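Please find below my notes on the model under review.

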Amino acid sequence: MKHYRYKLDKTQVVFEKSVIDTMVSKAQFNGTEKEHGGLLLGRLFPKENLVVVVDAIESPAISSGASKLYVDNNAANKEMKKRWQDSGGKVTYVGDWHTHPEAVPTPSFIDRYTFKDTYRSSKIDQNFLLCVIVGTNPIEKNGFWVGIQRWFKLYQFYYDITNRLFCM
């Protein structure tokens, strides 16, 4: 397994439009829909300290409600491995995403715990995991919370409107 190391203070994340569209299509706009979520797949460019997120897979839910989501990890991992193999190992797991029924989403205590636990238990190529929460506002109005879990700490990215990327 390769190990890609990223410098936290210089990391940049770009989401392909199709990824944004997938996540926004699952947003909880009227507050009564169930939470959705899944895996983020991307390409790693460690020399540039860049992650390009190329796919958002919605994971089948074991149980979900307006403010809870339990996904079928076995089904999600099977799909992720298939896409990794199909790409010749160029597309890999880079994190998780889910929705919140709020305009400007923020991670809950359970979100923070889950992000940390996922980071500790994952077999990943890079020294981080992305964490995305999709709210009801557009990206430009803080409708996406994007963070990076590294070891024991969760850091939040800010959105650079001019360059249309998230960075530290």
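1. A salt bridge is taken here as a side-chain nitrogen of Lys or Arg within 4 Å of a carboxyl oxygen of Asp or Glu. By this criterion the side chains of R120 and D117 meet in a salt bridge, at 3.7 Å from N to O. R120 and D117 lie three residues apart in helix 3 (residues 109-121), about one turn of the helix; helices are DSSP runs of H or I with at least four residues, strands are runs of E with at least two, and both are numbered from the N terminus.

2. The model is predicted: local features need pLDDT of at least 70 and side-chain atom pairs count only at pLDDT 80 or more, whereas totals for chains, interfaces and linings use all residues. Residues are numbered from 1 along each chain as its sequence is written, and side-chain values use heavy atoms, with hydrogens and water left out.

3. A search of the whole structure finds six salt bridges. One of them joins D55 to R83, with the closest N and O atoms 2.1 Å apart. This pair links distant parts of the chain, 28 residues apart: D55 belongs to strand 3 (residues 50-58) and R83 to helix 2 (residues 73-86). D55 is partly exposed at 22% relative accessibility; the classes are buried under 20% relative accessible area, exposed over 50% and partly exposed in between (1.4 Å probe, protein chains only). R83 is likewise partly exposed, at 29%.

4. Within helix 2, D86 and K82 are four residues apart, and thus separated by about one helical turn. Their side chains form a salt bridge of 2.8 Å, N to O. D86 is exposed at 57% relative accessibility, while K82 is partly exposed at 43%.

5. Which residues form one aromatic cluster? They are F15, Y159 and F166. Rings of Phe, Tyr and Trp (its six-membered ring) pair if their centres lie within 6.5 Å; planes under 30 degrees apart are stacked, over 60 edge-to-face, and the rest tilted. The F15 and F166 rings have centres 5.6 Å apart and planes at 85°, so this pair is edge-to-face. The Y159 and F166 rings, with centres 4.9 Å apart and planes at 50°, are tilted. F15 is buried at 10% relative accessible area, and F166 is buried at 3%.

6. Strand 8 (residues 144-150) and strand 9 (residues 153-156) pair in the antiparallel sense over four bridges; pairing requires at least two DSSP bridges between two strands. G147 stands opposite Q156 of strand 9. The two strands form a hairpin with two residues between them, and W151 in the turn has a positive phi of about 45°.
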